[in-house]
Amino acid sequence: MTEATPVRLHRRVWAQLTSQHPIVVTIFALILGFLVGAIIIMTTTASVLDAWRGIFHNWGAPGHAIKLTFDNVGAAYRTMFTGSVVDPNSLWHSLTTGKNWPVTLTPISETLTYATPLVIVSIGVGIAFQTGIFNIGANGQAVLGGIAGGVVATMVHLPMVIHLPLALLAGVAGGMVAGSVPGILKAFTGAHEVIVTIMLNYVVYAFLLFAVLSTPFQQPGQQNDISRTFDGSAQFPPLFGTASGLRVSYGVLVAAMVVVFAWWFLDRSSLGFDFRVTGANPSAARASGISARSVVVLVFVISGGLAGLAGFVQAASTTHEIDGGFLIGNAGIGFTAITIALLGRNRPMGILWSSLLFAALGVGGRAMQSQTGIPLDLATVIQSVIVLFVATPVLVKEIFRLRAGPVATLKLATQGWGT
Amino acid sequence: MRSIRRLSTMLGAASLVLGTLTVSVVATTVSASAATKFKACVVTDTGGINDKSFNASAWAGLGDAKKSDPSISISYLSSTSSADYVPNINTFIHESCGVIVTVGFLMDAATTSAANAHPTQKFAIVDDAPVVKKGTSVLGLQYETDQAGFLGGMLAAGMSKKGAVATYGGEPFPSVTLYMNGFVAGVRYYDKTYHAKVKALGWTPAKGACSLSTCNGKGTFTGNFTDQTAGKTDTSTFFSEGADIVFPVAGSVGLGSVAAAKQAGKGHYVMWVDSNGCTKDPSDCSLFVGTVAKGVEPSVEAAVLSAAKGTFKAGSYVGTLANKGTALEYGGVTIPSALKAKIATAKAGIIAGTISVNPNNYPVVK
Amino acid sequence: MRLELRGITKRFGSLTANDQISITVEPGQIHSLLGENGAGKSTLMNVLFGLLTPDEGEILINGEPVQITNSGDAVRRGLGMVHQHFMLVPVFTVTENVVLGFEPTKSLNRVDYRKATEDILHLSRQFNLEVDPDAVVERLPIGLQQRVEILKALSHDAELLILDEPTAVLTPQEIDALMEIMRSLAAAGKSILFITHKLKEVKAVADVITIIRQGRVVGTAEPTASESELASMMVGRDVELTVHKEPFSPGGDVFEIRDLVVRDERGLPAVNGVSLSVRAGEILALAGVQGNGQTELVEAIAGMRPVESGSITLNGRDITNHSPRQVLDAGLGHIPEDRQRDGLVMSMSVADNLVLNTPRRAPFARRGTRNLVAVQAHAAQLIKDFDIRTESPQELVSSLSGGNQQKVIVARELSRSLEFLVASQPTRGLDVGSIEYVHRQMVDHRNNGNAALVVSSELDEVLALGDRIAVMYDGKISGVVDPSTSRETIGLLMTGTRVEQSRD
């Protein structure tokens, strides 16, 4: 419906800002996430809490308490920003003197380094979500990709132009193998993918320990669970050279290509169209001649392949070796990917931004902890709160009294466990 | 619905607060931490600062240093996986830490490359002696824990009623197996010298002597330093095989042994490792016959203080019974004075070099 | 009871669903509320039942203004509602369902079933609503289940009954019986508000007809008004109620089914030995009360349900147990029964839905990459050709009205070069205007010499479209008759009664 009467620009902007547009909801969720973080900082910092307890003691006390709160919260978020994006002072220094660029660029380089595998694995999970498939096994697929790529990276010796792509393809293949198991089981026996993928994760973890403790792959001269170091020809070189000390590697280009591929795949390819139809309405997909079986197998192969690629990129661009704790526990990018995909609404660009946000919160949280003593876990709390509010748009709508519009629901959050 | 509305008003107000706050974030420029204070930093391994073991000891060493010299500020970063070692160390380098303490042999590679890239940066690494370029300033902190482990083995052997004691490790690192090797040597020495008919389970030494960098053999390992369930399972297995005292060398995994001893009931004890069990876990003190302690805290404290004073010396430090860099500490169980006397004699012998801590010198006769 | 609605207005944002609606239902009157889907009938009923609060206007019962804030209020004030979808517990008996929530009790809070049964028998006799109080509801035919709903309302002393599209699920005989019941209720002084969009029924039973369109009362009519008068008031323009068909000149057999057996979800034979054939230039209409195997038959034809035995041939090619893809490629067009479930992807655009089953066909894709320009152009063309009311090809299909959604499916299927078309309940839930449109499209398709099978439970539709009419009952064909056959005869076939057949 085009507006017949001319509406003033600010009115229209305001209307957009107060509508339930998905982006608006996400922005408000971000605000809420940081607000909750601020409240946590306030209530867990002893000095701030003491100041608030003493506000009735003298006239100046309330002002002091408020100032202290702002100082603490401000310092926390400031270090989070300067530790993950750029420190304005350092940037100014570099711009005026032309020196110290590596120091200035370190925060953003770290954020990109962390975001790189996250983008890749989250896009894999997002594509599965769009097809109505809950791939909880992305982590195991990433681990197997890392192992497969690692084997090629350590045990074959070739010039880089062949070695790196070959190891990369091995990583993709490893993820595809791990992904095809639940895919085939679901397609041909109806096994529930959530159960199968969760279980398969543990199988892969056990295989990882076996691999890094077995003679050909284990680091020679070591008894513990660590692999050989990747050949230099199978590592992603740092984007700005080793001398810069900046860790960001050519892996980011792989991630960028994955974003472009995902955009083409979902928006432009015939197979991606089949996937989206299947995800949005499985019955209509069937009636339109789309084979549910081949879609299920293919989506797992693609999702797993991307997870495997992410696993290899992670190892080949940072640690250059794999140990028994590779991507396990808190380092499980395959699980973070689920929340990132939700936050990014399963769209490639959304996932890109969400990954950068999550990486920045993690990297900035590290700076925050080391400089202000506020634990890094606060970053995790903020991430969780943001996702919580994005997943429950009704809450955000009520809190900010947004008008009805295209309601930003996350279909998969509610339907993922069905069928 | 109404209450949500009310909440929304409150949160609306709070969002205004946040708005102002963002302004203040941008407006404030120079951070307070840029003062000239000396900063000591520790990067822990995946166990974190609450592992009641060597990560906790390293962090406590920083705390002790701050107590001795309040002008020192301290900070830590935990690694969630080995992928965090490098960025954690880098973060501290960029924040101009006076000294960076890294914990554990696993961080060898990350510490070495950081030290080579930043030769002026002072590092101290616990349980490792990295090979670094000349001109760098890295202090390796190592401990001949087989000496105190030997005394621990004697204590366990002397206290055992069932004639068997056991040990297990987290992962087969030299810093772990050295303890186990010394423990087994102590048990065998006690068995042979006092005809006690007691045996050690969980570690079979390889031929040859152990050193700080290699200590081979076959034994029981949980595969990590965090899985307490695995520690409990292994300990229960040892109990069922006839052991009554177990010596876990696996950081916080040892808490699983405590749980297993509690479950097994009277007469089952644990020998704690690294730092005094009765201090780290007071509620379970009555289950600890003793602790084979490693002087991580004092040596880290000394390293930090020397760095703050400008007297930091790169190279390596080796803790022994003689310099109290490793020691046997008694726990919450009453020890007969006769046994204490035997242990004191052995200690003097080890320091004097008259008693060997190599288990192969006390072969088991079958 | 005298119910008066005065100036009821209900707005949803910028949309006015009810605009100054005033209606008076006199005691003992059957007042029919006639309007298309989306005209505002449901909103009005929700206001009346307290589920929505009107922005303006008031409700008067027997001359006194009342506030109705919830459905309990409405029931206490003597309003009774018989929903389109019955609100009955299938495994309970009639008595249990009727007293549910208002059980008469003996001492110690025991339910007094004897009294309840007596009450029900009394009510049934009073209003000619015969039904066995001890029968289990799920075993009763739909028509009797509806009686249970009416009894339930009456047992709460309803003075005014609201019947919401009550005939949608009934056979012609059951519809006649319902009309009888309505008349006897009115004769006993009960008021009835009869909501429908079926003109014949309104004419047959109503005392007064109020027509609403786009939220407004556009007029009242006497039952003597002609169907086309009522239809044009309802739609707002003249409507052709009968479709013009070229003379019937069938060609050779295009589509043939032989001794087909298909099982349903429970493993029971839902289609049990059906044989049919359709010739070029012919529409074969398949009539029958819903749930007699039509759904399974169509699914089997479309490749979506396995065939147990028998065969399906299209132009002499065996397509039995082929996949939906193969069946589509063989030239079968399918307008599914549940368009939102099987026919459309609601969260996708009109353009994407128009190529839903041909996304790889040239020029819509080349070597795995979709050509969105071609898809767009195709959509623009079909939107024009089939008069789909949408802002743009990019609009989500979910924001279209039901009629336009169906047009998307019809356009998609008829624009492919088809060998044969199967349409299942093609006009269910559509307004008169859309029904007229869909019918014309199908007849045009047939006039061009194509064959089609139309499955419908609407007798009017079957009669309007079919060149021959097959009637399905309990998984079998109970007869194939000429469209000139009387409604009564077809109604009997729909209940499985064998009759003398006039032809074939």
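Which side chains meet in a salt bridge with an N to O distance of 2.7 Å? They are those of Asp274(A) and Arg360(C). The model described here is predicted, and the values below are computed from it.

**Contacts between chains**

The salt bridge of Asp274(A) and Arg360(C) is the one counted between chain A and chain C. The interface around this pair takes in 20 residues of chain A, which are in contact with 25 residues of chain C. The size of an interface is often given as the accessible area lost when the parts come together. For chain A and chain C that area is about 1,900 Å², and carbon and sulfur atoms give 54% of it.

Two pairs of chains are in contact, and of these chains A and B share the most contacts. Chain B and chain C do not touch. The nearest C-alpha atoms of chain B and chain C are 17 Å apart.

Chain B has 366 residues, and 55% of them are buried. Its secondary structure comprises 11 helices and 14 strands. Among the contacts in chain B with a separation of 6 or more, 67% are between residues 24 or more positions apart.

The domain assignment divides chain B into domain 1 (34–143) and domain 2 (145–294 + 336–361). Their contact draws 12 residues from domain 1 of chain B and 16 residues from domain 2 of chain B. Taken over C-alpha atoms, the centres of these two domains of chain B are separated by 29 Å. About 1,300 Å² is buried between domain 1 and domain 2 of chain B, 62% of it on carbon and sulfur atoms. On the domain 1 side, Lys52(B), Phe105(B) and Tyr143(B) lose the most area to domain 2 of chain B; together they account for 46% of what that side buries.

One salt bridge is counted between domain 1 and domain 2 of chain B. Lys294(B) and Asp127(B) form a salt bridge in which the closest N and O atoms are 2.7 Å apart.

| Parts | Area buried between them | Share on carbon and sulfur atoms |
|---|---|---|
| Chain A and chain C | about 1,900 Å² | 54% |
| Domain 1 and domain 2 of chain B | about 1,300 Å² | 62% |

**A loop residue in chain B**

Thr320(B) is placed in the loop between strand 13 (315–319) and strand 14 (326–330) of chain B. Is this residue buried or exposed? Thr320(B) has a relative accessible area of 17%, so it counts as buried, the limit being under 20%. Apart from its neighbours within four places in sequence, Thr320(B) is in contact with Glu144(B), Gln147(B), Gly325(B) and Thr326(B).

**A nonpolar patch on chain A**

On the surface, Val151(A), Met155(A), Val156(A), Leu158(A), Val161(A), Ile162(A) and Leu166(A) form a nonpolar patch, with about 540 Å² of accessible area together. Helix 7 (138–155) and helix 8 (160–189) of chain A are the elements that give two or more residues to the patch. Helix 8 of chain A gives the most, with three residues.

Ile162(A), one of the patch residues, lies in helix 8 of chain A. Its relative accessible area is 44%, so Ile162(A) is classed as partly exposed. That value meets the requirement for patch residues, which is over 30%.

Key:
Residues numbered from 1 in each chain as written. Chains lettered and ligands numbered in written order. Predicted model: local features only at pLDDT ≥ 70, side-chain atom pairs only at ≥ 80, totals over all residues. Heavy atoms only, no water. Patch = residues over 30% accessible without salt bridge, like charges linked within 9 Å, V, L, I, M, F, W, Y side chains within 5 Å. Areas by Shrake-Rupley, 256 points an atom, 1.4 Å probe, with all protein chains shown as cover. Salt bridge = Lys/Arg side-chain N within 4 Å of Asp/Glu carboxyl O. Helix = DSSP H or I, 4+ residues; strand = E, 2+ residues; numbered from the N terminus. Buried < 20%, exposed > 50% of the residue type's maximum accessible area, 1.4 Å probe, protein only. Contact = heavy atoms within 4.5 Å. Domains from an automatic or database assignment. Buried area = accessible area lost by both parts, 1.4 Å probe.
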